[in-house]
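Please have the sequence and the model in view while reading.

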Amino acid sequence: MGQSFRDVPAWQHAMQLVNTVYAFTRSFPAEEQNGLTSQVRRTAVSVPSNIAAGQALPQKEFLHCLSTARGSLAELQTQALIAVDLGFVAAGAAAALIEETNRVDQMVEALYSTVDVGWNRSSL
């Protein structure tokens, strides 16, 4: 793909998701700074990072990076539910975060389909 990763809408929305996650984790207890807080933030950062890294690689590797980003989104949803179970955030806050991860996931899935179609056609 000839464009910069910064031009990819899925990357742009994933970057917004990172900001949302940082706000989401601000209410976590201080003793969680090196625990769940750090894990949730690292997971969120991995989504745009994988999109950006994949953009610079051949299509087959890009597909792998996009799959990894989607896995991170599922992880993030699980971590949001754990935060609710532990009483760190309200269920409504987690539901809003999960909804945002679903939107980003749909965009990453669409990007995957676009890259996969291009790769399959070029390999014929």
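Contact here means heavy atoms within 4.5 Å. The model is predicted.

By that rule, Leu17, Val21 and Phe24 of helix α1 are in contact with Leu73, Leu76, Ala80 and Ala83 of helix α3. The residues of this contact comprise seven nonpolar, no polar and no charged ones.

| Helix | Residues | Residues in the contact |
|---|---|---|
| α1 | residues 9-25 | Leu17, Val21 and Phe24 |
| α3 | residues 59-85 | Leu73, Leu76, Ala80 and Ala83 |

The axes of α1 and α3 lie 13 Å apart, and the packing angle is about 20°. Angles under 35 degrees count as roughly parallel, and α1 and α3 are therefore roughly parallel to each other. The crossing of α1 past α3 is left-handed.

Helix α3 has 27 residues, which at 1.5 Å a residue should span 39 Å. The C-alpha atoms at its ends are 39 Å apart, in agreement with that span.

Buried residues of α3 include Phe62, Leu63, Cys65, Leu66, Ala69 and Ser72. Leu73, Leu76, Ala80 and Ala83, named above for their contact with α1, are also buried.

Is Gln79 buried or exposed? Gln79 is located in α3. Its relative accessibility is 7%, and buried means under 20%, so Gln79 counts as buried. Leaving aside residues up to four places away in sequence, Gln79 touches Leu36, Gln39, Val40 and Thr43.

Just after α3 comes Gly87, with a positive phi of about 80°.

Technical notes
Residues are numbered from 1 along each chain as its sequence is written. This is a predicted model: local features need pLDDT of at least 70, side-chain atom pairs count only at pLDDT 80 or more; totals for chains, interfaces and linings use all residues. Side-chain values use heavy atoms; hydrogens and water are left out. Axes are lines fitted to C-alpha atoms, for helices over the stretch in contact, and angles run from 0 to 180 degrees between N-to-C directions. Helices (H or I, at least four residues) and strands (E, at least two) are DSSP runs, numbered from the N terminus. Angles under 35 degrees count as roughly parallel, over 145 as roughly antiparallel, 65 to 115 as roughly perpendicular and the rest as oblique. A crossing is left-handed if the near helix is turned anticlockwise from the far one by less than a right angle, and right-handed if clockwise. Ala, Val, Leu, Ile, Met, Phe, Trp, Tyr, Cys and Pro count as nonpolar, Asp, Glu, Lys and Arg as charged, and the others, Gly among them, as polar. Buried means under 20% relative accessible area, exposed over 50%, partly exposed in between (1.4 Å probe, protein chains only). The expected span of a helix is 1.5 Å times one less than its number of residues.
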